[in-house]
Amino acid sequence: MKTFAMLAAGLMMGAAVQGQQPSGVIHYEVNSKIEIGQFRMVMRGADGSVTTSNTPPPDMPNLVTFDQTFTFAGGMGRIETEGGGNMMRRMTLGAPSAAALTFSPAGAPPGGAPPAGAVGRSSSLRPPVTNSMYIDLINKRYLSVLTRQKDSIVDGAWYTEEAYKPAAELKTSGKTKTIAGYRCQRATANVGEESFVIWYTTEIPMLFSPVNGVWPPQGVVLALESSKRSYMAKKVVLKPVPDAPVLPAGAEKVTAAELKEKQRSLMEAFHNEQLQKLQEAE
């Protein structure tokens, strides 16, 4: 009887904590610098030969801009990136006899455009693999999720957990400005070799930052900038969210290394399938 009472009290406390959590959506515009090594290219020559490279063409843009939304409710959040977390483009460079180029970012954010000067038709080829990020706002965990689709239906899901990184030491300046309708405070922080300028608001009663480890003392980071990336909240809507973010049904918990290997194997199978289609089109 005593054990049951303690369990009931714990459930009530958990419900109370979740009841204090706000719900809504934050829309960010993200800029991310592309580093060498984030691309895998497969080139088919006019003679049918196939070569691969991890170095992008010299005219590849070094900065991509895309939209990202953070939906939160019931103490759980979900980050969704334009393009579903993957990007692949295929284009023909020069005359029909020139090489065909296929590339996809290896861990880089999606978005962007074909290289300047590309000639011919280009189309977006989305792999049957999607990366998603969930955030357990109560237990302070990031949940990286990999899903595989077949005919627009999820037929496999895997995830790994990562605890919040320790908060970097912030230096405040006393400066304030309004972002997306919320009064924000300015602060700076260093994480490794990366220096950040952040603007955070305490007017939203939860703790969130789009970058793990760059935490405000309280509240939500609505703008963040470093030499490698930037986030800017364009719209914040606090509203009831009918379906709280939850992991895909049947998602299997794996290690970070296993998740990386699973993605590698799925993407390799997809690349091989695309190469076969190119060869059959000859």
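**View 1. The loop between β12 and β13, where A180 is found.** In this predicted model, A180 has a positive phi of about 55 degrees although this residue is not a glycine. A180 counts as partly exposed, because its relative accessibility is 30% and that class runs between under 20%, which is buried, and over 50%, which is exposed.

**View 2. The loop between β9 (129-136) and β10 (141-150), which holds K140.** Phi of K140 is near 55 degrees, a positive value in a residue other than glycine, and K140 is partly exposed, with a relative accessible area of 43%.

**View 3. The open sheet of 12 strands.** The strands follow the order β12-β13-β14-β15-β16-β1-β4-β5-β9-β10-β11-β17, and their pairing is mixed. At the edges stand β12 (171-179) and β17 (252-253), each of which pairs on one side only. Within the sheet, β1 and β4 pair in the antiparallel sense over 10 bridges, and N31 stands opposite T65 in β4.

**View 4. The largest nonpolar core, with 35 residues.** The residues with the most contacts inside this core are I26, Y28, F70 and L222. Elements that give two or more residues to the core include β1 (24-33), β4 (63-73) and β16 (229-238), while β15 gives the most, with five residues. Leaving aside residues up to four places away in sequence, F70 touches several residues, among them I26, Y28, I79, L137 and F208.

**View 5. A second, separate core of seven residues.** Among the residues of this second core are V129, W158, V254 and L259.

Notes:
Residues are numbered from 1 along each chain as its sequence is written. This is a predicted model: local features need pLDDT of at least 70, side-chain atom pairs count only at pLDDT 80 or more; totals for chains, interfaces and linings use all residues. Side-chain values use heavy atoms; hydrogens and water are left out. A nonpolar core is a set of buried Ala, Val, Leu, Ile, Met, Phe, Trp, Tyr and Cys residues joined through side-chain atoms within 4.5 Å. Buried means under 20% relative accessible area, exposed over 50%, partly exposed in between (1.4 Å probe, protein chains only). Helices (H or I, at least four residues) and strands (E, at least two) are DSSP runs, numbered from the N terminus. Contact means heavy atoms within 4.5 Å. Two strands pair if DSSP finds at least two bridges between them.
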